[in-house]
Amino acid sequence: MALLELKNIYKTYKQGEFDVHALQNISLSLDTGEFAALVGPSGSGKTTLLNIIGCLDSASSGSFHLNGNDLTQAKESDLSNYRLFQIGFVFQAYNLVPVLSALENVELIMVLQGRHHKERRERAEHYLKLVGLQDMMHRRPKALSGGQQQRVAVARALATNPRIVLADEPTANLDSENATALLDVMHELSHEEKTTFLFSTHDLRVMQRAERIITLSDGQIQKDETNPAAVA
Ligand SMILES: Nc1ncnc2c1ncn2[C@@H]1O[C@H](COP(=O)(O)OP(=O)(O)O)[C@@H](O)[C@H]1O
Ligand SMILES: [Mg+2]
């Protein structure tokens, strides 16, 4: 069974007296370990789709299964549990807590998960090493570059042991060298940890590093293809 299965997903926003059809008839499945990009112009529905998959928003209709569980009609309390234990988030603006060190930032969600102090510390150190920040663990975000802050965010997402990492335009605030370097780190971790990644981008160099490219246009999937150049 696929890790993620969306069937006939529609999302309609009401804007005054108008309906905005943000997603129309999206069917999509993703297997464990896939490294996939969601691409499309601004307004094509990328964020809306990632928010539904991330249990941050719900679809207007259609069905959604994650890891074999039907989340279509799930209660908010169940959804927040899914967000905490099954999904890792990487945001465009990094979203690190400014007064905490890199290490403490990575530990924070594991506190909410109820992990023991020692395990938290070990996991945080492990993932910060994997993203190449072993010498900067005690720095606060403002003492790190944008690329380094986003690496902290990737470590934070992976340290929670999620089924899937969702990243909405994770490289939008990075120059192209840092953007491709971040993608290379994510790609390597996806293989090593067998973690599924789904990230949105409209940066050509970034999308070319994805093993699968799903193209959205006006809320519909226009193309869904493997990218032989990126498959190791
Ligand atoms: N909260 C909202 N209320 C009304 N319309 C929205 C809302 N969020 C997104 N939209 C509309 O839905 C469509 C898809 O938006 P979005 O998912 O943000 O696209 P993308 O991330 O690809 O730029 C756009 O037309 C956008 O204006
Ligand atoms: Mg968006």
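**Entry 1: a strand pair**

I looked up leucine 216 and found that its bridge partner in β10 is isoleucine 221. The model is predicted, so local features require pLDDT of at least 70 and side-chain atom pairs count only at pLDDT 80 or more, while totals for chains, interfaces and linings use all residues. Residues are numbered from 1 along each chain as its sequence is written, and chains are lettered from A and ligands numbered from 1 in the order in which they are written.

For the names, I noted that helices (H or I, at least four residues) and strands (E, at least two) are DSSP runs, numbered from the N terminus. Two strands pair if DSSP finds at least two bridges between them. Strand β9 (residues 212-217) pairs with β10 in the antiparallel sense over six bridges. The two strands β9 and β10 form a hairpin with two residues between them, and aspartate 218 in the turn has a positive phi of about 50°.

**Entry 2: the sheet**

In which order do the six strands of the open sheet stand? I read the order as β6-β7-β8-β3-β9-β10, with mixed pairing. The edges are β6 (87-90) and β10 (220-226); each has a single partner strand, so one side of each lacks a neighbour in the sheet. Neighbouring strands of this sheet are turned by 20° against each other on average, direction ignored; axes are lines fitted to C-alpha atoms, for helices over the stretch in contact, and angles run from 0 to 180 degrees between N-to-C directions.

I then checked strand β7 (residues 164-168), which pairs with β8 in the parallel sense over five bridges. Valine 165 has phenylalanine 197 in β8 as its bridge partner.

**Entry 3: helix α6**

I found that α6 has 18 residues and spans 25 Å from its first C-alpha to its last, close to the 26 Å expected at 1.5 Å a residue. The expected span is 1.5 Å times one less than the number of residues.

Which residues of α6 are buried? They are Ala179, Leu182, Leu183, Met186 and Leu189. These residues lie on the same side of α6, because they cover an arc of only 130° around the axis. The arc is that of the directions from the helix axis to the C-beta atoms. The face turned away from the buried side carries the exposed residues Glu177, Asp184, His191 and Glu192. A residue is buried if 20 or more other C-beta atoms, placed from the backbone, lie within 10 Å of its own, exposed if 12 or fewer, and partly exposed in between.

**Entry 4: positive phi**

I noted that lysine 194 has a positive phi of about 50° although it is not a glycine. Lysine 194 is in the loop between α6 (176-193) and β8 (196-201), and counts as exposed because it has 9 C-beta neighbours inside 10 Å. Asparagine 25, also not a glycine, has a positive phi of about 55°. Asparagine 25 lies in strand β2 (residues 18-30) and counts as partly exposed, with 14 C-beta neighbours inside 10 Å.

**Entry 5: ligand 1**

I listed the residues around ligand 1, among them Tyr13, Gln15, Lys46 and Thr47; a residue is near a molecule if its C-beta atom, placed from the backbone, lies within 6 Å of it. β1 (4-15), β2 and α1 (46-53) each supply at least two residues of this shell. The largest share, three residues, comes from α1.
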